[in-house]
Amino acid sequence: MHILLVASAFNSLTQRVLAELQDRGHTVGVVLALGNDDEMREAVRVQAPQLIVAPMLTSAIPEDIWRAHTCLIVHPGPPGDRGPSSLDWTLQGGAESWGVTVLEAVAEMDAGDVWAWSPLKVPPVAGKSDLYRGEVADAAVDAVLLAVERFASGRHKPQKQEPAALAAGWRPFMKQAERRIDWASDSTETILRQLRAADSQPGVLDELLGVQWYLHGGHPEDELRGDHPGELIATRAGAICRATVDGAVWIAQLRPWREPGSRLPSYKLPAAEALGDLLPSGVPEVPAPLELPAERRTWSDIRYSEQGAVGVLNFSFPGGAMSTAQCRRLLEAYRFACTRATSVLVLGGVRDFFSNGIHLNVIEAAEDPAQESWANIHAMNDLVEAVLTTTDRLTVSALGGNAAAGGVMLALAADEVWCRDGALLNPHYRLMGLHGSEYWTYILPRRVGESEALRLTQSALPVSARRAVELGMAQRVLQAAPEELGAEVVRLAAELAASPELADRIARKKAMREQDESIKPLQRYRDEELVHMRRNFFDAREPHAGLRSAFVRKEKALHTPPHIARLGMAG
Ligand code: COA
């Protein structure tokens with residue numbers, strides 16, 4: 001079929017639905033609903049789709065379109081659930097199971113006939129965006145594929161929703177008043193639920209050190225305690241810890257509140273960095289040991305563990321963004337992991353983003369963004385180089401979720417890349433006005449060939465896990481729920497470590513690295529890439545700074561970007 005996707009943004013779910021439909025042989029176009037209905041009408045007219053699907057739509061499809069075409073809307077709730085803050089209410093209420101429904105568009109929101117739905121389990125750990133990119137995306141894809149199949153059959157009759165159920169299922173937009181934390185009385189569990197229901201957007205509005213902030217990210221703390229609930233009691237790697245009536249919580253990021261209409265920017269930063277000089281000098285920095293006992297309930301973004309001959313270096317940074325400091329800490333942890341007597345070393349292996357490259361928010365907030373970009377790209381390159389030059393063991397990148405730009409190259413620096421089914425790779429830099437670094441000119445062609453590397457970086461489109469394997473970018477697709485990924489990765493890594501060919505493989509890879517180095521040293525790839533990157537970062541005529549600023553400030557495009565709009569034309 002030819003299917004047109006209508007979406008408010010080319011976000012992770014829209015990209016995933018696109019990739020999954022393409023993987024199944026459909027041709028797919030995309031038009032973004034950016035307040036210009038005529039652009040949508042034109043895309044429908046030119047592409048004449050057999051079916052329209054809206055994976056993530058925050059506005060209505062114009063009536064003339066849904067009357068003339070079957071339009072299927074993805075709603076992140078089970079049949080009967082309605083309203084714009086579905087996941088927020090669900091997480092706040094502490095539900096353990098939920099669902100995603102595919103409904104036909106009608107005049108009333110979420111009131112159309114049901115074409116398909118898929119249930120899901122809500123794990124206790126996930127914040128809203130993490131849940132959305134994991135279990136919700138999995139269920140949404142299942143429901144969309146079933147609905148598309150049913151539509152294609154021409155025989156399926158979607159199920160009507162009864163008026164009484166429709167009225168009962170409506171839940172309104174969740175306001176900040178309903179997200180409020182009462183530090184004097186709310187328990188740690190209640191506070192965590194509030195934070196998770198608001199993460200990553202819009203955050204929980206709260207006062208800290210006399211300033212109004214949106215709090216982002218919530219994790220429990222089992223040892224640190226304070227005298228007064230709400231009090232700031234510690235920092236760790238950019239996160240802050242606040243006392244509660246019965247314990248304490250970690251908050252990873254802060255975003256300043258601004259007066260309505262203010263021109264001052266408001267974007268997330270690591271919490272301690274956002275506080276800056278406000279941070280009282282007496283608040284201690286409490287580092288977490290790299291090898292944290294499994295029973296500890298605390299927050300840390302990098303952990304190392306071992307099972308026999310397998311070392312696992314878990315890391316997870318909000319939004320997959322890696323600042324200079326985060327890259328350096330991860331490199332230090334990687335170097336430690338390399339001192340251990342293991343034969344297979346796994347990187348990643350946890351749910352959600354693997355890495356999205358350098359930290360554009362931290363860069364934007366820096367006194368000298370160009371210098372900070374330079375430091376960040378060097379720190380990222382040092383990390384990638386360490387992986388590329390590890391020749392005494394096999395390395396595996398295990399992607400529980402998506403990776404983009406330098407984050408893809410970090411993954412591909414390892415000997416094997418394993419992707420959870422549904423993970424997306426965006427192996428390109430062009431949309432951020434960057435030539436790219438992280439040894440991509442070595443890493444990508446060696447996996448996929450020169451011409452495919454060029455196509456991937458120029459087309460700037462997402463690659464599904466399955467397609468990544470076909471192209472040679474990845475070796476394995478893992479069929480595991482986000483919560484099961486860690487255990488599955490360790491099981492497969494143990495198999496690899498026990499394989500009789502392992503010693504040979506390690507010897508071969510060492511020889512190959514030496515041969516590659518003699519043909520063209522890694523340093524030359526790095527230097528050549530950095531000539532371009534220096535210009536991208538430091539030359540005021542380059543588009544990068546403007547693109548970064550728009551990205552960080554979440555400025556909306558006015559039209560569907562050409563590389564996305566072109567997609568449908570091929571169909
Ligand atoms: N720096 C800072 N923040 C980043 C980031 C980066 N490199 N990459 C992603 N994020 C943040 C987003 O701002 C977003 O924040 P939010 O939760 O507050 O909304 C969050 O991570 C999730 O990203 P989002 O864009 O909503 O996810 P997505 O799955 O729809 O899209 C990408 C993913 C990777 C395509 C998109 O985020 C992107 O283009 N990132 C920039 C990649 C890049 O150019 N890196 C620098 C070059 S190495």
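Me: Which residue in strand 8 stands opposite D206?
Reply: W213 does. The model is predicted, so local features need pLDDT of at least 70, side-chain atom pairs count only at pLDDT 80 or more, and totals for chains, interfaces and linings use all residues. Residues are numbered from 1 along each chain as its sequence is written, and side-chain values use heavy atoms, without hydrogens or water.

Me: What makes strand 7 and strand 8 a pair?
Reply: Two strands pair if DSSP finds at least two bridges between them. Five bridges join strand 7 to strand 8 (residues 211-216), so they pair. They run antiparallel.

Me: Why are strand 7 and strand 14 called edge strands?
Reply: The open sheet has four strands in the order 7-8-13-14. Strand 7 (204-208) and strand 14 (269-270) each pair on one side only.

Me: What makes a run count as a helix or a strand?
Reply: Helices are DSSP runs of H or I with at least four residues; strands are runs of E with at least two, and numbering starts from the N terminus. The protein chain has 21 helices and 23 strands.

Me: What share of the 571 residues is called buried?
Reply: Buried means under 20% relative accessible area (1.4 Å probe, protein chains only). Buried residues make up 57%.

How values were computed: Buried means under 20% relative accessible area, exposed over 50%, partly exposed in between (1.4 Å probe, protein chains only).
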